[in-house]
Amino acid sequence: MDKGIEIRTSPHLKRVISVDKIMRTVVLALLPICAFAVYQFGLSALLLLLTTTGVAMWTEWFFARLSGKGNTLADWSVVITGLLLGLTLPPGFPLWMAAVAAFVGVALGKALFGGLGYNVMNPALVGRAFVQAAFPVAITTWTPAFAPGRFMELIPSTLTLPFMQPNPVKDWVAGLHLDGWSGATPLAIQKFQHIEAPIADAFSGMIAGSAGETSALLILICGLWLAWQRMLDWRIPVSVLAGAALMALPFWLMDSGHYPSPWFVLSSGGLMLAAWFMASDMVASPVTARGVVIYGLFIGSLTVIIRLFGGLVEGVMYAILLGNALGPLISSWTQPRVYGTSKKS
Amino acid sequence: MAELPNTEERLTPDTFLRGLWEENPVFVMLLGMCPVLAVTSTTINALAMGLATTFVLVSSSLLVSLLRSWIPKQVRIASYIVIIATFVTIVDYAIQAISLELYAALGAFIQLIVANCVILGRAEAYASKQRIMTTLVNSLGMGAGFTLALLSLGGVREILGNGTILGISIFPADFQPWIVMILPPGGFFVLGGWLLLFNWLRLRKERKEAEQIGVTAHAR
C-alpha cells in the first residue's frame with residue numbers, strides 16, 4: 001500500500017498498545033514490590049509469590065485448554081493476578097492454602113466468566129476473599145518483618161502439609177527474641193488499642209503485615225510510574241485514596257485518641273496496594289471518567305467505614321469487590337451525553 | 001382414565017431411573033433449591049431431609065394419583081397442598097419423636113417441605129395424570145434423586161468443612177477445616193461445582209450422540 005495514505009476506521013489510536021504490553025508493564029511495576037517483600041520477609045515470601053503465580057498460571061492454562069481457547073497465558077494478565085494475590089497474603093501463609101486461593105481466584109473469578117475481559121470482579125481478590133472465609137485464622141497470623149535468618153530458613157507455617165492446620169509459629173517467633181512483638185499488625189493495634197504506629201515506619205514499610213502491602217512509599221512510586229506510563233487510570237487510585245482520607249478526617253477531628261489519622265489510614269494496611277493495583281483493574285472498573293471517580297470514592301470511603309466500625313481489621317478487599325459489583329451500574333449511570341442530543345432522554 | 005389414554009406411560013426401568021439422572025430434581029430441574037442450600041451442611045441433615053422429602057413426595061403423589069378422577073381441575077392446587085401438608089405434619093411429628101436434636105438442626109425446613117416445588121411439581125405434572133403403580137415408581141426415583149443430590153452436597157460440605165463424614169472423623173487430628181464450606185456461601189460453591197460437572201457430562205454425551213448421528217447420516 002502507498003506509504004503516505006493509511007485509511008482506518010475509528011478509534012484513531014495514536015499509540016500501538018496491546019493488552020499483553022499493558023500487562024507486561026504492570027508486572028514490571030509489581031516486581032520492585034515483590035523484591036521488597038522478599039527482602040523483608042525472606043524465603044517464605046518468595047515461595048508464596050512463586051506458588052500463587054504458578055498455580056494461577058496453571059489454572060488459566062487448564063481452563064483455556066478445557067474451553068478450547070488456545071494459550072491465554074500469553075496476555076500476561078494471570079501473572080498479575082498471581083503476584084497480586086501473593087502480595088496480599090501474610091508472609092507465613094501455608095503454601096497449600098495459597099494454592100487454593102490462586103485456583104479459586106482464577107477459576108471462579110475469571111475462567112467461569114469467560115476469561116480476561118469478562119470477569120466481573122478482580123480475580124486476585126476473589127481468591128483472597130475465599131481463603132479469608134475458609135481459613136480465617138491462618139490469614140490473620142502475622143510474622144515479624146526483618147526476622148534474622150529469613151533468607152536461610154522458612155517461617156514454619158509455610159511448609160504445612162496440604163489439608164492440615166498451619167504449623168504453629170509461636171515458638172519460632174519466641175526464638176527470634178524480638179522486643180515488643182505482639183503478633184498484630186499496626187492496623188490491628190490501632191483498631192483495638194488505639195495506638196498508632198509511627199507514620200514514617202508505616203509509610204516506608206518497616207512494619208509487619210501482608211507480604212507486599214507494607215511499604216506504602218514503594219507502592220506509591222511504582223503506581224505513579226505506571227500512571228505516568230499511562231498504563232492505569234490515575235483517577236481511580238487518586239479518588240480511592242481521597243475517599244479514604246476524606247472519610248477518616250471527620251472522625252479523627254472528633255476524637256483523635258480513638259480514631260486513626262488520615263495519614264495513618266493511607267499508609268497502613270493494604271489500601272495503597274489495592275488503590276493502585278487492584279481497584280484500577282481495567283476490566284472490573286467502570287469505563288467512564290466520571291464513573292471511575294464515583295467508584296474510587298465509594299471504595300475509599302467504604303474501606304474506612306469497614307475499618308472503623310466493622311468486625312474486620314482491614315476492609316479494602318470487600319470494598320473493592322463491592323465496588324467491582326457496582327461497576328457496570330456506575331458505568332451506565334454516567335454515560336456521557338451524545339453531542340447534539342437533548343439532556344433528557 | 002378413559003378420556004386421556006395417551007398421556008399414561010408404561011412402567012419401564014426408565015420410570016425410576018429418570019429421577020436419578022435424566023430429570024434429577026436438583027441437578028437438572030433445579031427445583032427445591034431452598035432445602036438443598038440450607039440443610040446440607042452435614043451429611044446427617046442432608047440424609048434426614050432427603051428421606052423426609054422422599055416420604056412426603058411418595059405418599060402425596062400416591063394419594064393424588066388415587067384421587068385424580070375426583071379432584072376438580074379448578075381447585076387442584078389447593079387440594080394437592082392439603083394432601084402434601086397432611087404428610088408434612090406426619091413427618092414433622094415423626095422427626096420430633098425420633099430425634100429432637102435432628103429436629104432442631106433442620107428447623108423450619110421440615111415444615112417448608114410443603115412449599116417444596118419438587119413435590120407440587122410431581123403432583124401436578126405426573127401423579128395427576130398417571131396410574132398408581134407408575135406414580136409410585138416415578139416418585140420413588142425422584143425422591144432417591146433428590147436424596148442423592150442432598151447427600152452429594154452434604155458429603156462434600158461436611159468433609160471439607162468439618163473433616164468428618166456422618167460425624168466420623170476421617171482425617172488426622174490437625175485437619176484444617178474449610179470454614180466457608182459449612183457457611184451459606186459453601187452451599188452455593190458446592191452446588192455450582194456439581195452443576196458444572198453434570199452439565200459438562202451431559203453436553204459431552206449430547207455432542208457424542210450428535211456426532212454419531214452425523215456419521216450414520218453421512219454413511220447413508
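**Which residues in H1(A) meet which residues in H9(A)?** Thr25(A), Val26(A), Leu28(A), Ala29(A), Pro32(A), Ile33(A) and Phe36(A) of H1(A) meet Leu218(A), Ile219(A), Cys222(A), Trp225(A) and Leu226(A) of H9(A). Contact here means heavy atoms within 4.5 Å. By class, this contact has 11 nonpolar, 1 polar and no charged residues. (Ala, Val, Leu, Ile, Met, Phe, Trp, Tyr, Cys and Pro count as nonpolar, Asp, Glu, Lys and Arg as charged, and the others, Gly among them, as polar.)

**About the model.** This is a predicted model, in which local features need pLDDT of at least 70, side-chain atom pairs count only at pLDDT 80 or more, and totals for chains, interfaces and linings use all residues. Residues are numbered from 1 along each chain as its sequence is written, chains are lettered from A and ligands numbered from 1 in the order in which they are written, and side-chain values use heavy atoms, with hydrogens and water left out.

**View 1. H1(A) against H9(A).** Helix H1 of chain A spans residues 19-41. Its axis comes within 10 Å of the H9(A) axis, and the two cross at roughly 170°. (Axes are lines fitted to C-alpha atoms, for helices over the stretch in contact; angles run from 0 to 180 degrees between N-to-C directions.) H1(A) and H9(A) are therefore roughly antiparallel. (Angles under 35 degrees count as roughly parallel, over 145 as roughly antiparallel, 65 to 115 as roughly perpendicular and the rest as oblique.)

**View 2. H9(A) against H12(A).** Helix H9 (residues 216-228) and helix H12 (residues 271-278) of chain A pack at about 15°, with axes 9 Å apart. They are therefore roughly parallel. H12(A) brings Met272(A), Leu273(A), Trp276(A) and Phe277(A) to the contact. Residues from H9(A) include Ala216(A), Gly223(A) and Leu224(A). The classes are 11 nonpolar, 1 polar and no charged.

**View 3. H3(B) against H7(B).** In chain B, helix H3 (residues 43-66) packs against helix H7 (residues 132-162) at about 165°. The axes lie 8 Å apart. The pair is therefore roughly antiparallel. Its contact residues divide into 17 nonpolar, 12 polar and 1 charged.

**View 4. Chain B as a whole.** Chain B has 9 helices and 2 strands. (Helices, H or I of at least four residues, and strands, E of at least two, are DSSP runs numbered from the N terminus.) From the N terminus the order is α-α-α-α-α-α-α-β-β-α-α. The C-alpha atoms fill a box of roughly 65 × 60 × 25 Å along the principal axes.

**View 5. Chain B meets chain A.** The contact takes 12 residues from chain B and 14 residues from chain A. About 1200 Å² is buried between them, 77% of it from carbon and sulfur atoms. (Buried area is the accessible area, with a 1.4 Å probe, that two parts lose on being put together, summed over both.) Asp174(B), Gln176(B) and Trp178(B) supply 46% of the area that chain B buries here, more than any other three residues.
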